[in-house]
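Here is a short tour of one protein chain, written to be read alongside the model.

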Amino acid sequence: MKSKLEISYPCVWEYRIIGENAEKISEIVGEIMQTPYRLESKNRSSKGRFVSMHLSTSVDSEKYRNEIFSLLSSHPEIKMVI
């Protein structure tokens, strides 16, 4: 039986964002985020097509954490959010 991970809020949460253009990802994150955040470029795919960026921010509820995830993952310029 799998148990649900218990998260104490507020907490710092990290999203890994994968897309093709780091500058566009930065713009998208800037438009979405309404609280202070840190965005770092991490890795490039072996052929250089994709970039991985890490977004860290404080979240005060599961609802807000999921809202950020939903907004990021539904954007057409973003290929994947983990």
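## The core and the elements around it

Within the largest nonpolar core, which has 17 residues, the ones touching the most other members are Tyr15, Ile17, Val29, Met33, Leu55, Ile68 and Leu72. β1, α1, β3, α2 and β4 are the elements that give two or more residues to this core. A nonpolar core here is a set of buried Ala, Val, Leu, Ile, Met, Phe, Trp, Tyr and Cys residues joined through side-chain atoms within 4.5 Å. Buried means under 20% relative accessible area, exposed means over 50%, and partly exposed lies in between (1.4 Å probe, protein chains only). In soluble globular proteins, nonpolar side chains tend to be buried together.

Before going further, a word on the model: it is predicted, with local features needing pLDDT of at least 70 and side-chain atom pairs counting only at pLDDT 80 or more, while totals for chains, interfaces and linings use all residues. Residues are numbered from 1 along each chain as its sequence is written, and side-chain values use heavy atoms, with hydrogens and water left out.

Leaving aside residues up to four places away in sequence, Ile17 touches Ile25, Val29, Val51, Ser52, Met53, Leu55, Leu72, Ile78 and Met80; a contact means heavy atoms within 4.5 Å.

## The overall layout

Two helices and four strands make up the secondary structure of the protein chain, and along the sequence they follow the pattern β-α-β-β-α-β. These are DSSP runs numbered from the N terminus (helices: H or I, at least four residues; strands: E, at least two). The C-alpha trace spans about 40 × 35 × 20 Å along its principal axes. The chain has 82 residues, of which 28% count as buried. Among contacts between residues at least 6 apart in sequence, 64% join residues at least 24 apart.

In α1, the buried residues are Ile25, Ile28, Val29 and Ile32. They fall within an arc of 100° when seen down the axis of α1, so they line one face of the helix. The arc is that of the directions from the helix axis to the C-beta atoms. This buried set packs against β1, β2, β3, α2 and β4, while the face of α1 turned away from it carries the exposed residues Glu23, Glu27 and Glu31. At the start of α1, a side-chain oxygen of Asn21 comes to within 2.9 Å of the backbone nitrogen of Glu23.

Helix α2 covers residues 62–73, which is 12 residues, and reaches 16 Å from its first C-alpha to its last, close to the 16 Å expected at 1.5 Å a residue. That expected span is 1.5 Å times one less than the number of residues. Tyr64, Arg65, Ile68 and Leu72 are the buried residues of α2. They cover an arc of only 105° around the axis, which puts them on the same side of α2. Their packing partners are β1 (11–19), α1 (22–32), β3 (51–59) and β4 (78–81).

Beyond its sequence neighbours up to four places away, Arg65 touches Ile7, Tyr9, Trp13, Tyr15 and Val59.

Val59, in strand β3, is buried at 0% relative accessibility. Val59 and Val12 are 47 residues apart in sequence, yet their C-alpha atoms are 6.1 Å apart in space.

## Salt bridges

A salt bridge is a side-chain nitrogen of Lys or Arg within 4 Å of a carboxyl oxygen of Asp or Glu. By this rule there are six salt bridges, including those in the table.

| Pair | N to O distance |
|---|---|
| Arg49 and Glu20 | 3.0 Å |
| Glu40 and Arg38 | 3.3 Å |
| Lys42 and Glu40 | 3.8 Å |

Arg49 forms a salt bridge with Glu20. Arg49 lies in the loop between β2 (37–44) and β3 and Glu20 in the loop between β1 and α1, so the pair ties together parts that are 29 residues apart in sequence. Arg49 is exposed at 51% relative accessibility, whereas Glu20 is partly exposed at 34%.

Arg38, Glu40 and Lys42 are linked in a network of salt bridges. Arg38 is partly exposed at 47%, Glu40 is partly exposed at 29%, and Lys42 is partly exposed at 41%.

Methods
A polar contact is a pair of N or O atoms within 3.5 Å; within protein, one must be able to donate a hydrogen and the other to accept it, and residues adjacent in sequence count only if both atoms are side-chain atoms.
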